Amino acid sequence: MKKYYIPLFLSLIISAAGCRKAEKIDFQFNKDLDYVPIELDNWLSGNFTNPYNMEIVYRFDRYKMGELKQNLSPAKEEKVKEQMEMIRNGFIVPFEKAAGSVFAKTYFPKEWVLSGSYAVTSDGRILALSSGGRSITIYEVNTADTTNAEVTRAKLKTVHHEYAHTLTQIIRIPREFESISEANYSADWRSSFTYPDAINDAQGFVSRYSRANVMEDFAETAGFLLVYGQLWYDTRAGKIPASGYDILKKKEAALVKFYRDSYGVDFRRVQREMAQAMYTRFNDKQKQSFAYWFFDQATFTYTLPYNTAVSSADLKTKVNNFITKAPLAANTQFDKYVVKDLTFLFTPGALIPNSNAKQGDLIIRVGYQRNTAPVAYADYTFKYLTNPANNTVKFDKSTQGTDVNQNANAKLFMTPFMDEIASYFTSGNFVPEWSIDAPSRTRLDEFFFDFGGFYKEADKGSYINFPLQRARK
């Protein structure tokens, strides 16, 4: 007897054909859940979906926002717009201006998922996630506050951290970066007992989390460099042991090279765009002031020579008058004195109790030479007082010391110094500022943060502006 076998799939087709009924199914797989678009949806479409093909998921979607066991809250509508404004002005616009629209439309994440609350996993509290080189999930949207520079800075650092993950999910982190700290990554990175801050610093980790693995190290380095900025990064590097400094700078160089070689992105330009955005869009005035980095953070060396500075005409006249009068004040028929330079020597200020103001010392050192003798120095002492409330600093002449420079040498030129130099700097409040001699220069200019000085509060045309050098521990 012959047996005939009908394949299962053919059997199913025959069966289905035998009982087919005409039935119209009104369903579209690409149709959203029933809701009427509101003003927020139109705004999101106009600013993200239409220009960048981005989907902004803010209505509560349990399958996109994290693990099912997580207890999450939906994002508030008003906070959705605030969060996405933050992302637009603090991520999209800076990167697009620096890298161009082709890069933006090609590599920007195509899906942004917004959760109102934070997520907690076995790894701890999760602020954001990057997935597949195309999606970023942002948690704690309901705490967005674009009027608060510190809150905004922390959130944008997380966004740029996750975007660094996005880029390295498309193109692998270069071996050049991987090899720098590969022997020191550890799953035990949270332990301050195993890895105290001193060890983390000496081994060149920009944060505790960056020790977790090379992916987090790369993303943390990128996030801090872009959002906290080069001044922050250099200040941190300059205050840790030389071994850590060298490692941080190697990581910085490898990261900048990766953005350039892999994506054609000028990382330094993105940094400048971010500094400008933080200052103009998010009111980051205090943390970007010259006074903050000079007096509070000691980012720059405190030795500032007059000969390398640019000064206004009125101060030049004062200095030239002093240079002319000084030899006459000290001269005898056998000696000839020549003023070589004036150097401004600041010392770190101490915080005044119950105040954010700081008081410190300033010595204006006059280098002079008598005939062919070695250069000698006359030191003139001042106190300075910062006033963060109105971003000013006041200089007052203080009592001279008893050492040779402040006593015998200083007496040689005391009268012309007091008449010309001291009278200028004690004539009123001064404003610490970047790049005073180039008023058209902004944070978008490459050398904006490389120059700083002081101008008279009532007259911005009266100033002294120094080239600045980053300090090292």
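Which residue's side chain meets that of Lys394 in a salt bridge? I looked this up in the model, which is predicted. The partner is Asp396, at 2.8 Å from N to O. I noted Lys394 as partly exposed at 32% relative accessibility, and Asp396 as partly exposed at 35%.

Salt bridges, continued. I have a count of 28 salt bridges. I looked at Lys257 and Asp261 next: they form a salt bridge with the closest N and O atoms 3.0 Å apart. Both sit in helix 9 (residues 242-263), and because they are four residues apart, about one helical turn separates them. Lys257 has a relative accessible area of 34% and is partly exposed; Asp261, at 46%, is also partly exposed.

I then took Asp379 and Arg365, whose closest N and O atoms are 2.8 Å apart in a salt bridge. Asp379 belongs to strand 12 (residues 376-387) and Arg365 to strand 11, so the pair ties together parts 14 residues apart in sequence. Asp379 is buried, with a relative accessible area of 2%, whereas Arg365 is partly exposed at 25%.

I also recorded a network of salt bridges linking Asp234, Lys249, Glu252, Arg268, Asp450 and Arg470.

Helix 12. I checked its length: 18 residues (313-330) should span 26 Å at 1.5 Å a residue, and the end C-alpha atoms are 26 Å apart, which agrees. I found a kink of about 25° at Thr324, shortly before Pro327. Pro327 is one of the buried residues of helix 12, which also include Leu315, Val319 and Phe322. The buried residues pack against several elements, among them strand 9 (337-346), strand 11 (358-370) and helix 14 (414-425).

Conventions
Residues numbered from 1 in each chain as written. Predicted model: local features only at pLDDT ≥ 70, side-chain atom pairs only at ≥ 80, totals over all residues. Heavy atoms only, no water. Helix = DSSP H or I, 4+ residues; strand = E, 2+ residues; numbered from the N terminus. Expected span 1.5 Å × (residues − 1). Bend = angle between axes of the 7 residues up to and from the residue. Buried < 20%, exposed > 50% of the residue type's maximum accessible area, 1.4 Å probe, protein only. Contact = heavy atoms within 4.5 Å. Salt bridge = Lys/Arg side-chain N within 4 Å of Asp/Glu carboxyl O.
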